[in-house]
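User: Here is a model I would like to go through. Please set each label against its rule.

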Amino acid sequence: MSETFFNYALGFAVIYALCGIIFAVGFQLRGMGKIDPAAEKGTWGFRVLVMPGLVALWPLFFFAYRFHEASAFSLRRSHRIAIIALAVFSAVLFLVALAWRLPSFGDLPVIETPLP
Amino acid sequence: MSTAYQAVGWNQQKRVYDLVLLGLVLIAAAAFGSVIALRHPETTAETFIIRFTSLTAFVLLHVTLAIGPLARLFPFFMPMLYNRRHLGVTVAVLAMAHGIFSIIQFHAFGDVNPVVSVFTAYDNEYLAVFQDFRSISRFPFEIFGFGALLILFLMAATSHDFWLKNLGPTVWKRLHQLVYLAYGLLLAHVLLGVVQSERSLLFPLLCGAGCLVLVALHLLAARKEHSIDKLRNAAMADGFVEVAATDELSADTGKVVVANGVRFALFVRKGRLFALSNVCRHQGGPIGEGRILNGCITCPWHGYQYRAEDGCSPPPFSEVLETYPLRIVEGKVFLSPVALPPETKSEGVLVENVKPKPTTEFPIGWQSKLPSKTHRLMKATVTVLALAVPMVLGLCAWFFSPVDRGRFEFGSENIQRGILYEQPVPRLRITSADGKSVDHILVGAGKFGAGDLIKGADGREVSFTGTRIERKPFHMIEITRPETFRVLDPDAEPRPAPAVSTLGEGEFTGELVDTKCWSGVMRPATGKVHRACAVRCLSGGVPPGLLVRNKSGDGVVLLLAAEMGGKLEYDVQLAARFITVKGVLELHGETPVLRVVSIKTVD
């Protein structure tokens, strides 16, 4: 069942990426200069460099999504929360990964039957 | 600050930065390669690439994540922050190389799409963890690496200033704060992956030390920031808030102040005081920690510039910072947190008794040369990194477990000829010129068994093109060109199978392995890091084996076969797990075969 699910998910990802490629090429030809004049005169190197991001995030531009700006304070707070969460998560992870570490070859019992 | 985007806005410091980074990666590769050549010369090129790219990416990720808090705590690290995105992109590229090679090595050429296999190779462990939490160490570690890789890719793909401008600094920052999630996922990938396979304590110790240093640095930096945020000042009736005393100010130098919980930047220029937003329009850098260079307020992070009078960047640039009204009463500075209309020209407030411009250095990335003291400190930092990074990689290379041995004559195809037997596992009995007969187990290309190709040829002489694989006591042949398979004596009577001797019966405990990888195709071919590959091979029909310890402590693989002949029915997801097999041990030529009565897990 999980194989079917992940096959569909992969199919969706491929379709998403194909749409992204088509959109990104069109956007590079027309549209990018409208939202950012500095991009219109951008070099070929720049255009190649932003392609993977356009393919990955094309719906943001396609639907002309506008983001709300957050305060610098809220960014610092989310940074602090992320670090505290990381500290707790890593401590738990180390504990369980080492406490229940998988056995190794050396832990196997010796076979008494003469083996070739 | 360019008006037309380029791939990279090169300058002297960026060139030096990238050259140092390239040198660091090359030194690390040389150190890792030398130790591997000395200690584990059997290591294959693919394993070398997978291990080197993962280790280097992980070590450099620690460096990348340490630069931010180090620059907050010790400003002389600021030049490392200037071009940090190139370091981050290098991490992402190395991580992607690791991911791509791992997917090809462990998941491709099998019976399932390799990307799907990353998620499903041993998917029974997803639910097992809810039944018994101790089975967390068997949880598929690959998915954590995949998740981290997606985040690193997104970060690298959006690292250009185009994204910063068009996503907006807030969204861009939030997207790039996902690096902490990526780091957490990578920790899970390492601790539930390589740490479960490698026995040396070096790996968890190094990983723990790196994590501890990073968390400590970030918490110290966060504490410093928090102490500024919690400053509270008295407000006047008309909304002006006391934020500083004039004798705390210095000429041409910024000061960060707080009013109503929001930070502002104060600057004294030509004897007049100005207040601006503390948040740089570029990446949100702390403007108030900057200086006035060439008549403009300059952000300490990347050197973006603004005029003190109206908050505008000098032409041809178009960034604008908010400016705020000020007043000075009896040596105290009062600020109104309500911004003036954008681009309002202000004359500032006359201020006296300010300190002279400090003599401390103020390094900025676009300057052609770093100031002398900063330059010396940077050289010392690079020297430490050039010693530490290769040392960590060399140590890891030294302490890796010995890779499995065996010989796989990859690329060397020969015509193979002999008598084929289908049971207990497909094998070809080849008789050499001196009359000695040796059984060769038959497998297909990639992660497949011999399959239906050999059906109906039991006891007959056949020939085909194949490649030899050898690890005692096994001899194996990979049928590389199925179209060359021929039965040479279709009308002759099938030869009877060679005599079989019984060695005994009982219970045998060991690791379930796929015999193709164990025979020399993969190194390593055991343990959790190889589990997905083993599942794919067994699922594709490669004969299963049980790796057991003999009396001298060495590993011996017993071929597993059905008790009564035919196909052995078992759960392929038991691969790389410790199981106890009850059965009868037989010797077919030189090959030990265990006729399976029952299988149970023991780990």
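Analyst: The labels below are taken in turn, each with its cut-off. This is a predicted model, so local features need pLDDT of at least 70, side-chain atom pairs count only at pLDDT 80 or more, and totals for chains, interfaces and linings use all residues. Residues are numbered from 1 along each chain as its sequence is written, chains are lettered from A and ligands numbered from 1 in the order in which they are written, and side-chain values use heavy atoms, with hydrogens and water left out.

User: Why is Val25(A) called partly exposed?

Analyst: Its relative accessible area is 40%. Buried means under 20%, exposed over 50%, partly exposed in between (1.4 Å probe, protein chains only). The value of 40% therefore makes Val25(A) partly exposed.

User: Why is Cys296(B) called buried?

Analyst: Cys296(B) has a relative accessible area of 8%, so the label is buried. Cys299(B), at 1%, is buried too.

User: How do you know that Cys299(B) is in no disulfide?

Analyst: A disulfide is a pair of cysteine sulfur atoms within 2.5 Å. For Cys299(B) the nearest cysteine sulfur, that of Cys280(B), is 4.0 Å away. Over all chains the count is zero disulfides.

User: What makes strand 6 and strand 7 of chain B a pair?

Analyst: Two strands pair if DSSP finds at least two bridges between them. Two bridges join strand 6 (residues 296–298) to strand 7, and the two run antiparallel. Strands here are DSSP runs (E, at least two residues), numbered from the N terminus.

Note on methods
Helix = DSSP H or I, 4+ residues; strand = E, 2+ residues; numbered from the N terminus.
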